[in-house]
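Q: Please take a close look at one residue in this protein. Then show how the chain around that residue is built.

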Amino acid sequence: HNTGQGLWIDFGGTRNRIVENLVENNTGNGIMDEINHGSEIALNLVRNNGRYGVMLSNAKDSKIHHNRITGNSTALALRVACRPVKWTLENIEVYN
């Protein structure tokens, strides 16, 4: 129940695991993973957030799987944002 993002991992992390969480009723994104490498977002219940349920931005070699994403403005977003560092969006797996 945050004003803003629910769970936000930002810049330079490796093998972050966001697993088995309840992420709900945030005004921004439920889960945001930005400029990281090898993240896993799995088995979460992500609901009723004001923007995206799950947002990956400039991430590499990451997996999003077996989440229940419901009641958000948009369920999932993958994006490349303009950044001064040379990161892009590549090798992303999304499955249930």
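A: E93 sits in strand 11, which spans residues 90-95. Strands here are DSSP runs of E with at least two residues, and helices are runs of H or I with at least four residues, both numbered from the N terminus. This is a predicted model: local features need pLDDT of at least 70, side-chain atom pairs count only at pLDDT 80 or more, and totals for chains, interfaces and linings use all residues. Residues are numbered from 1 along each chain as its sequence is written, and side-chain values use heavy atoms, leaving out hydrogens and water.

Buried means under 20% relative accessible area, exposed means over 50%, and partly exposed lies in between (1.4 Å probe, protein chains only).

Now its partners. Setting aside neighbours within four places in sequence, E93 is in contact with S62, K63 and I64. Contact means heavy atoms within 4.5 Å. T14 is 79 residues from E93 in sequence, and their C-alpha atoms are 16 Å apart.

Next, the whole protein. It has zero helices and eleven strands. Its radius of gyration is 12 Å, close to the 12 Å from the globule rule for 96 residues, so the protein is as compact as a globular protein of that length. That radius is taken over C-alpha atoms, and the rule is 2.2 Å times the number of residues to the power 0.38. Of the 96 residues, 40% count as buried. Among contacts with a separation of 6 or more, 43% join residues 24 or more positions apart.
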